[in-house]
Amino acid sequence: MACRICNSFTEEVLNLGLTPPANSLLDSSLAVQQTFPLVLELCESCYNVQLRDCLSSEELYLKYLYITPESTMLTRHYRYLYGYLESSGYIKKESFVVEVGSNVGLFLKFIRNKVSRVVGIDPAENICKIANEAGVDTICDFFNSESALIIRDQYGVPDIIIARHCFAHNSNPHVLMKGVTTLLSDSGYLVIENSYLLNTIENNEFDQVYHEHMFYYSIRSMMALLNIHGLRLIDVMTSLIHGGSIVFVAKRENDGIIINPSVNEYLECEQMFINRQSLKNFADKAYEIRGQIGKLIKNLRNTGKTIYTYGATAKGNTLLNFVGLTCNEIPLCIDSTPGKQGKYLPQSYIKVIPEDEGLLNPPDYFLLTAWNYRDEIINKVREAGNYHSKFIIPIPFVHIV
Ligand SMILES: [Zn+2]
């Protein structure tokens, strides 16, 4: 296949089998669903890792169920990200900020009193409605050069465009980049946050692979993408959110550009640790974890133990479906998002129930499918008076706490 960033030839890295889209929860236990191949491939020319088969954005996002949860960990991350952008001079009191893929507007809500104006854009109608009702001005549309023109006409030219975790979510990132170059002021900054490929492979996070995640960015692949659109990477920062993320800061190419030394420092490190061999090791680890979890669940079931999953997450569905676990082994999944409760996880048909219902009759074990919120979840369960259940943590290696 061809790299969707630089058009070079790609090679297969990991095959997770046929699965339904990970966020497509089912209304009934009898619902039939379509599955699609979930295959990861590498471009050795720009070090882009991408999904081989992409679903259309319309199929995935028009009725999107993922709503950013209110979480102390996320608020801390917003403070950290804003602090970095502010102290580096990228974001100022007088800045007009546009956020692409702004979801229910939590980040914009966090920064709106610190800047002059904020506007969000997100394609999912149900999600835009929540954002607008919360007072965060949000346009309901896909971001591209046409909607960029609408923003420019209605609101003016932004000083900073922020795109958090959405450059991985579109099969054609060039469309997003054209939106950016249509909209951004000449001296403006583009800030892109994504899961970082280096963290994904170092922490064995193969469960980050699902149909919504079409790209796994490295510094090299992001540089290749930016350069095609006349933009230049000027800064890089990493954070621990979502299992390890990276923040890229870019500007339009011009003579006066200053590049932060962090770019070369991170790049040198990446060149050592992201290569064909490390991706092969990553795939081997994924198969190893699959075998270990399958065996552990089987043993626990044989000794009469009950198991629920915790977190009706996309990553959880990749894990369950890759291991081949279903409602036969794990009858229930706990999740605090009301929109997910009463539904069934795709392919595994595990029923999603609210936290208080799960507390009435707690299982012996929770398989923690939202392991990135591990401490928050364990504290919540213990504070609710459940000292009985143990937690199976699947990533970065299988263990029980
Ligand atoms: Zn490439």
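**Surface, fold and the setting of H174**

The protein chain exposes about 16,900 Å², and carbon and sulfur atoms supply 51% of that area, with accessible areas taken from the Shrake-Rupley method with a 1.4 Å probe. This is a predicted model, in which local features need pLDDT of at least 70 and side-chain atom pairs count only at pLDDT 80 or more, while totals for chains, interfaces and linings use all residues. Residues are numbered from 1 along each chain as its sequence is written, and side-chain values use heavy atoms, leaving out hydrogens and water.

Biologist: In which helix is H174 found?

Modeller: Helices are DSSP runs of H or I with at least four residues, numbered from the N terminus. Residues 173-183 form the helix that holds H174, and that helix is α6.

Biologist: Is H174 buried or exposed?

Modeller: Buried means under 20% relative accessible area and exposed over 50%, with partly exposed in between, for a 1.4 Å probe and protein chains only. The relative accessible area of H174 is 15%, so H174 is buried.

Biologist: With which side chain does the side chain of H174 make a polar contact?

Modeller: A polar contact is a pair of N or O atoms within 3.5 Å; within protein, one must be able to donate a hydrogen and the other to accept it, and residues adjacent in sequence count only if both atoms are side-chain atoms. A polar atom of the H174 side chain lies 3.2 Å from the backbone oxygen of R4. The side-chain partner, at 2.8 Å, is H229.

Biologist: What share of the 401 residues in the protein chain is buried?

Modeller: Taken over the 401 residues of the protein chain, the buried share is 55%.

Methods
Helix = DSSP H or I, 4+ residues; strand = E, 2+ residues; numbered from the N terminus.
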